[in-house]
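Hello,

Here is the structure that I am handing over to you. My notes on it follow below.

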Amino acid sequence: ILAKEENQEKVEDLVNLGVKEANLPKNITLEKLHQLPEECGVYYFYDEEGDIVYVGKSINIKKRVMEHFANQKAKGQLLQRMVFNISYEVTGSELVALLQESHEIKQLHPPVNKAQRAREFQHILYSYENDDGYMCLDTMRISEKKKQQKENVVRAYSSAAGAKSALNQLIDEFELCQLHCNVHASAPCFAYHLDNCKGACIGKELVEDYNERVCDAIASMEVDFKKDFVILDKGRNLEEKSVILVENGQYKGFGFIDINESVSDVEGLKDVVKPFQHNPEVVRIIHHFLFKDKVEKVVVLERG
């Protein structure tokens with residue numbers, strides 16, 4: 001059936017994932033694309049001068065790259081005009097691929113990665129003192145310039161939902177007043193009726209006592225991870241595992257170890273873990289994978 005003349009074009013489209021050789025960038029052939037691995041990792045597009053113009057990640061590098069060149073929308077056409085060469089790094093782990101992609105985009109500023117490079121954390125959780133002396137928490141959207149000038153920013157988020165969620169978690173964990181967190185508009189607040197607020201909204205709780213809890217809540221936000229841990233995930237082959245290290249509340253980097261190697265020796269891990277910068281983007285990525293349980297294993301470490 002496949003050999004029939006009328007089916008030949010459909011067969012070729014299937015094999016080449018819809019890529020038309022006439023639409024490929026110069027110096028890129030279907031043969032080169034078919035040599036790309038069908039594995040998880042990060043890929044790099046270069047222009048004719050050897051400069052990186054785009055960085056991407058995929059659980060199937062070959063399939064994703066071919067999709068770029070099959071795409072006839074504006075981005076696909078731009079890549080078809082700019083790309084002259086391709087390289088890649090297999091990571092095995094999707095989490096490692098995302099962490100590496102994020103780092104590379106921030107370091108290299110590829111021109112086609114505008115959407116990711118322009119990502120800003122413009123929603124903030126901030127504190128202020130009201131007329132009665134109570135410390136209050138609230139969220140707002142703010143420009144990057146004004147955010148840098150604002151002294152009472154507790155944490156910045158990429159979305160309003162993320163900022164609101166963080167505030168609600170603090171309210172629940174530290175029994176904060178919903179009125180003083182701008183969640184409830186009148187006194188007494190709803191949480192007071194549920195015995196989750198100690199009465200700051202009606203002046204029942206002393207300013208000093210309430211403010212001490214708010215300070216504890218703010219202090220809890222100074223660390224992005226409450227525990228130290230190592231994430232074990234897929235390696236680049238069956239003989240190894242990827243390791244992502246979080247120490248002292250911060251992401252330290254990732255590396256690869258032999259599948260039989262112990263992760264209890266943190267100092268030993270540091271020899272194989274390549275250091276990477278801690279920032280809000282990697283915190284969001286790691287939290288997402290932990291929440292979705294998308295990693296093979298998490299080993300909690302004892303803090304020294």
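N248 sits in the loop between β8 (240–247) and β9 (250–258). Although N248 is not a glycine, its phi is positive, at about 55 degrees.

Before the rest, some notes on the source. This is a predicted model, in which local features need pLDDT of at least 70 and side-chain atom pairs count only at pLDDT 80 or more, while totals for chains, interfaces and linings use all residues. Residues are numbered from 1 along each chain as its sequence is written, and side-chain values use heavy atoms, with hydrogens and water left out.

The loop between α8 and α9

N182 lies in the loop between α8 and α9. N182 also has a positive phi, near 60 degrees, and is not a glycine. With 47% relative accessibility, N182 counts as partly exposed. P188 is in the loop between α8 (160–174) and α9 (190–193), and the peptide bond from A187 to P188 is cis, with omega near -5 degrees.

Helix α3

Which residues of helix α3 (residues 61–70) are buried? They are I61, K62, V65, M66, H68 and F69. Seen down the axis of α3, these buried residues fall within an arc of 150 degrees (taken from the directions from the helix axis to the C-beta atoms), so they line one face of the helix. An α-helix has 3.6 residues a turn, so residues three or four places apart point the same way. The buried residues of α3 pack against α2 (30–34), β1 (41–46), β2 (52–58), α4 (74–82) and β3 (85–90); a contact means heavy atoms within 4.5 Å.

The whole chain

The protein chain has twelve helices and eleven strands, which are DSSP runs numbered from the N terminus (helices H or I, at least four residues; strands E, at least two). Its radius of gyration, taken over C-alpha atoms, is 25 Å, well over the 19 Å that the globule rule (2.2 Å times the number of residues to the power 0.38) gives for 304 residues, so the chain is more spread out than a compact globule. The C-alpha atoms fill a box of roughly 85 × 45 × 45 Å along the principal axes. Buried residues make up 44% of the 304 residues. Of the contacts between residues at least 6 apart in sequence, 58% join residues at least 24 apart.

Regards

Notes:
Buried means under 20% relative accessible area, exposed over 50%, partly exposed in between (1.4 Å probe, protein chains only).
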